[in-house]
Every structure is written in C-alpha cells, then in structure tokens.
Amino acid sequence: MTFRFTTAGESHGRGLVESSRDSRRAPALGERVNAELKRRMGGYGRGARMKIEADQIEWLSGVRAGETLGSPIAMLVWNRDWEHWRDVMAPEADAAGGGSERRRQVTRRVPARRSRRSLKYDRQDARTILERASARETVARVACGAVCKLLLEQFGVEVGSHVVELGGVTARYLSPLPSPLNAARTPARALLDPEAEEEMIAAIDAAKARATRWAAWSR
C-alpha cells in the first residue's frame with residue numbers, strides 16, 4: 001500500500017492545503033492531528049513565528065463520522081498572519097499596497113537553496129520562491145503524517161522519534177526504549193540521551209548568538 005500526498009500554499013498566503021490521493025478506512029480524529037501540529041511548534045530554540053500561529057486543521061473532504069471514506073482526503077490550515085500580508089500575497093496582478101515586499105529581487109543575502117530555485121524556475125522575484133522554501137510548509141507534511149500514524153495504529157505500529165545528532169553533538173541509543181517513544185517530552189528531542197541533550201541546547205544557544213551578531217553586522 002502506498003500513501004501519497006501533495007501540499008499547496010505559501011508561508012504568508014491565506015493557508016496551507018494537504019491532500020492525499022489514496023486512503024484506507026481509519027479513524028480521522030482532528031484532535032490527534034492538531035496534537036501533532038502542536039508538537040511541531042514546540043522544541044528548544046523555536047522562532048518567533050511559533051508565537052503567532054495556533055494551527056488547527058479543517059477537514060475539507062474524505063472524512064465522515066470520524067472515519068476516512070477511502071476517497072481523497074483534504075485538510076486546510078489557515079495562516080493567522082495572512083491579514084498582515086494580504087496586499088503582498090494577493091493573487092491579483094494589480095493589487096494595491098505591498099510596497100517593496102510585493103516583489104523581492106534575488107540578492108546575495110538570499111540563501112543558496114532559494115537562489116537555485118529562482119534559477120530553476122526562471123523567476124527574478126525571490127518572494128515567489130521563498131514562500132514555498134519555508135519551514136512553514138512543513139505544517140502540511142505534519143498533518144499528513146498524523147493521518148498516516150492513525151492508519152498505522154490499526155496494524156499495531158508505533159511511531160516515535162529521537163534526535164541523533166545536532167550541531168556536531170551525537171546522541172547515544174539507550175535501552176530499553178521507553179513506550180510510547182515520544183520525543184516531545186524533552187526540549188531538544190534527544191529523548192534517549194539526556195547528557196547529549198544538554199550539549200545540544202548549548203549548541204542551539206551558540207548558533208542563535210552567532211545569528212544575532214550576523215544580523216546586526218549585515219544591516
């Protein structure tokens with residue numbers, strides 16, 4: 001069985017849409033999907049945008065009476081920050097407002113992966129690229145993954161996570177494994193190695209300090 005999904009939406013657009021082309025009969029519990037979205041927003045060192053959003057899904061299709069129908073599933077997560085970006089991200093060509101943010105040129109300060117995408121798609125407006133090359137898009141992936149977890153539970157499959165390396169710090173695998181394996185219980189998600197977790201937190205703090213100095217220098 002293959003579970004395929006697609007995502008649509010921009011970081012500062014009106015919302016993000018997730019859809020699967022295949023589904024099987026399984027519980028479709030909105031609160032479980034929302035719990036996974038909340039986990040995504042946690043963790044040590046998260047950015048300021050996590051304080052803006054409070055992600056909740058809306059079922060658009062493929063679900064009835066708490067179960068999937070077997071037809072394509074579609075979910076929607078609204079961007080709460082849309083109102084501040086309405087003029088910049090408006091689909092109309094002649095939208096008023098937006099100022100310099102309406103179109104952003106590719107410059108040396110644009111990360112390399114975004115510059116490559118600008119070349120690949122022949123776009124001089126970096127805004128078009130960075131709106132998809134954004135961590136915000138992972139909301140859609142997490143929502144689809146939550147539905148997959150609900151399906152796998154029907155087969156007795158437990159899904160967990162553990163960070164094994166961050167900033168040059170490597171965590172060990174300790175046994176026995178806790179059950180359920182839930183990395184959200186620890187700040188840096190290194191559930192199985194508390195000592196490595198402390199080193200990871202220190203590495204995150206150091207990276208944030210370097211980023212702050214770089215931002216001040218580049219102004």
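**View 1. R86 and E83 pair within helix 2.** R86 is partly exposed in this predicted model. Its relative accessible area is 38%. E83 is exposed, at 52% relative accessible area. R86 forms a salt bridge with E83. The closest N and O atoms are 2.7 Å apart. Both residues lie in helix 2 (residues 82-89). They sit three residues apart, about one turn of the helix. Side chains of opposite charge can pair when their charged atoms come close.

View 2. R39 counts as partly exposed, at 28% relative accessibility. E36 counts as buried because its 16% relative accessibility falls under the 20% cut-off. K149 joins E36 and R39 in a network of salt bridges. The salt bridge count comes to nine.

**View 3. R40 forms a salt bridge with D55.** The closest N and O atoms are 3.8 Å apart. R40 lies in helix 1, and D55 in the loop between helix 1 and strand 3 (57-61), so the pair ties together parts 15 residues apart in sequence. R40 counts as buried, at 10% relative accessibility. D55 counts as buried too, at 4%.

**View 4. Twelve residues make up the largest nonpolar core.** Among them are L16, V33, I57, M75, A143 and V147. Helix 1 (30-40), strand 6 (73-78) and helix 5 (138-153) each give two or more residues to this core. Helix 5 supplies the largest share, five residues. A second, separate core has seven residues, including V169, A171, A190 and M200. V33 is in contact with I57, W59, M75, A143, A146 and V147, leaving aside neighbours within four places in sequence.

**View 5. Strand 2 pairs with strand 1 and with strand 6.** Strand 1 (residues 5-9) and strand 2 (residues 15-20) run antiparallel, joined by five bridges. A hairpin of five residues links strand 1 to strand 2. A8 stands opposite V17 in strand 2. Six bridges join strand 2 to strand 6, again antiparallel. In strand 6, L76 is the bridge partner of V17.

**View 6. L152, F155, V157 and V159 form a nonpolar surface patch.** Together they have about 340 Å² of accessible area. L152 lies in helix 5. L152 is partly exposed, with a relative accessible area of 32%.

Definitions and conventions:
Residues numbered from 1 in each chain as written. Predicted model: local features only at pLDDT ≥ 70, side-chain atom pairs only at ≥ 80, totals over all residues. Heavy atoms only, no water. Core = buried A, V, L, I, M, F, W, Y, C linked by side-chain atoms within 4.5 Å. Buried < 20%, exposed > 50% of the residue type's maximum accessible area, 1.4 Å probe, protein only. Helix = DSSP H or I, 4+ residues; strand = E, 2+ residues; numbered from the N terminus. Contact = heavy atoms within 4.5 Å. Patch = residues over 30% accessible without salt bridge, like charges linked within 9 Å, V, L, I, M, F, W, Y side chains within 5 Å. Areas by Shrake-Rupley, 256 points an atom, 1.4 Å probe, with all protein chains shown as cover. Salt bridge = Lys/Arg side-chain N within 4 Å of Asp/Glu carboxyl O. Pairing = 2+ DSSP bridges.
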